Every structure is written in C-alpha cells, then in structure tokens.
Amino acid sequence: MMAAKANPNSLTLSSSSIPYSSFPPHRFSLKKHPFLLGSQCTKLVSACSKKPIPGSVNLDPSFSNSGSGSSKMDSMNDSAEASSSPSNAIDFLTLCHSLKTTKRKGWVNHAIKGPESIADHMYRMSLMALIAGDLPGVNRERCIKMAIVHDIAEAIVGDITPSDGIPKAEKSRREQAALTEMCKVLGGGMRAKEIKELWQEYENNASLEANLVKDFDKVEMILQALEYESEHGKVLDEFFLSTAGKFQTDIGKSWAAEIHSRRNSRLGN
C-alpha cells in the first residue's frame, strides 16, 4: 500500500543487509495452514529468506521454457495434471485465505476501524477492470486477471508499505520468492505459469494492461481513502498527495479527477 512515508535512512540500506528474519512471512504458521507438512512450511520460509540477486527479478527457472520434443510435452502434461489436482487446488486456496483476513496496513496505521483486507482491495480493482471502457490494444480479460493476482504474494509476506523501510528491490524479491512457492503449492503447470507471468508483467509495468491496472491500484486506494474520510471524519491527505501526477492512462486520470472533485466538494461543505 502506498502513502505511508518511509524513513530515508532505512532506504539507504542494501537489501542484503536487512535480515529476512526481521520481517518473517506474514502470519505463516502450521496452525493457520494445517494442510502443509512441517517440511513444506520450512521450505516456504526458507525460499522466501534467501539472499536476493542484486537487480534481479527473474522468474524461477523451473517455470521457464526449455527443452523440446516429446520430453517437453510430457513435462507439460505432468505439470498440467499436477495443477488440476483437487489437493493442490485446495492447498493453494487455503494458503490464499490470509488475503481475506489481512488488513491493509496503511489503514491500520491510521487507526481505521474495520479496515479493508488485501482481498477487498483486489476485488474492487477487478471490478474496475470489468467495467472500464474498451481501450485500443488493451486486453480487458488480462486486466481482470492481473488485478486478481497483483498482490497475491502478500498471502505470505503481508502488506509491506514504505513505512517498513524495506527497499523496493527487496520487497519485490520477497514477493517473488513467495509467489514461486505458492505456485509450487498449486502444483505448477499452465495456471501457475500464467499467475507468475501476470504478476511479473504488473511488477515491471511492462504492458498497456499493466499501466491500466497500476492506475486502478491507485484509484482504488484514493477512493477508499475518500470513503474512510467520510465514514470516520478523518483527513487522509497523504494518500491523495502520494498518487498525484502518477496516473498513466486516460481512464486512471479521469477516474482520479472525479474522486478528487467529490472530495473537494465534501471538504468545501
């Protein structure tokens, strides 16, 4: 979540100098995820705690295209079968349960009572992608999928905000490591590969769809800020200031302008 101001002194640290143990996977325990064996839990934590490769956000090589011929086809078929396993599916969905219960930290930091969860945020972003008008060259279905998965790694790492003092590259590394392990829980295969590709595309802001979903992320946040201002009698200026001038698409700019207009009218009254 944006808007919370980071400690500039913290940001001067290199990602390798920040021990992962200081920021353990969010609420990850055998009690919350009894479907995972002890060895699986250890593997998840271990994979997310490896030192980062400086400047690298490459996908896990196990999901890259390699090989050819019948061996490659057999491997794809095996992965597809694993991905469709009911056991894998329920394990993955249970792991994603924490997205429904983890509250967005920016609102928690502002003492908002009953704040939205990570899943709440992603759901309304998905609705934004669903109702947005058609744009040349933009695949709306891909935008909906991207909105659903863009924060999915937070099921393990939690909602890391600038106030945590974690450099952007380190945040990305942790989320990527978590995502890789989540896709292994899913069983690999084409669906896991699609999730990783959508997440990477969003993370790198690498397409028109990613541009639009990045805008939806900010629009959803300031709309939620406006709603919390009205409901709780608060002034949440920093959420509006942190997104000012950062919208990339016409839809993002026009929707943000509408929210600002409504806020100005409310404050004026």
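## Salt bridges

A salt bridge is counted here wherever a side-chain nitrogen of Lys or Arg lies within 4 Å of a carboxyl oxygen of Asp or Glu, and a search of the whole structure finds 17 salt bridges. The structure is a predicted model, in which local features need pLDDT of at least 70 and side-chain atom pairs count only at pLDDT 80 or more, while totals for chains, interfaces and linings use all residues. Residues are numbered from 1 along each chain as its sequence is written, and side-chain values use heavy atoms, with hydrogens and water left out.

One of these salt bridges joins Glu201 to Arg142, with their closest N and O atoms 2.6 Å apart. Glu201 is buried, with a relative accessible area of 14%, whereas Arg142 is partly exposed at 26%; buried means under 20% relative accessible area, exposed means over 50%, and partly exposed is in between, using a 1.4 Å probe and protein chains only.

Arg263 forms a salt bridge with Glu229, in which the closest N and O atoms are 2.7 Å apart. Here too the pair links distant parts of the chain, with Arg263 in helix 13 (residues 250-268) and Glu229 in helix 11, 34 residues apart, and both Arg263 and Glu229 are buried. Within helix 10, the side chains of Lys193 and Glu197 meet in a salt bridge at 2.4 Å, N to O; because Lys193 and Glu197 are four residues apart in that helix, about one helical turn separates them. Lys193 counts as buried at 19% relative accessibility, while Glu197 counts as partly exposed at 32%. Salt bridges also link Glu141, Lys145, Arg191 and Glu194 in a network.

## Overall architecture

The chain has 13 helices and zero strands. Of its 269 residues, 44% count as buried. The accessible surface of the chain comes to about 13700 Å², of which 55% belongs to carbon and sulfur atoms; accessible areas come from the Shrake-Rupley method with a 1.4 Å probe, and for residues only the protein chains shown count as cover.

A contact means heavy atoms within 4.5 Å. Among contacts between residues at least 6 apart in sequence, 75% join residues at least 24 apart.

## The nonpolar core

A nonpolar core is a set of buried Ala, Val, Leu, Ile, Met, Phe, Trp, Tyr and Cys residues joined through side-chain atoms within 4.5 Å. The largest nonpolar core has 51 residues, of which Phe92, Trp107, Ile152, Met182 and Phe216 touch the most other members. Helix 11 gives the most to this core, with 10 residues.

Ile152 can be followed in some detail: leaving aside its neighbours within four places in sequence, Ile152 is in contact with Phe92, Cys96, Leu99, Met122, Leu179 and Met182.

## Cysteines

A disulfide is a pair of cysteine sulfur atoms within 2.5 Å, and by this rule the count comes to zero disulfides. The sulfur of Cys96 is 9.5 Å from the closest cysteine sulfur, in Cys183, and this is too far for a bond. Cys96 counts as buried at 12% relative accessibility, and Cys143 is also buried, with a relative accessible area of 1%.

## Surface patch and loop residues

Patches are made of residues with over 30% relative accessible area and no salt bridge, with like charges joined within 9 Å and nonpolar side chains (Val, Leu, Ile, Met, Phe, Trp, Tyr) joined within 5 Å. Tyr123, Leu127, Leu130 and Ile131 make a nonpolar surface patch of about 430 Å². Within this group, Tyr123 has its place in helix 6 (residues 118-131) and is exposed, with a relative accessible area of 56%.

Ala111 is found in the loop between helix 5 (105-109) and helix 6, and has a positive phi of about 55 degrees although it is not a glycine. Ala111 is exposed, with a relative accessible area of 52%. Asn205 lies in the loop between helix 10 (189-203) and helix 11 (208-232); the phi of Asn205 is near 50 degrees, a positive value in a residue other than glycine, and at 29% relative accessibility Asn205 counts as partly exposed.

Conventions
Helices (H or I, at least four residues) and strands (E, at least two) are DSSP runs, numbered from the N terminus.
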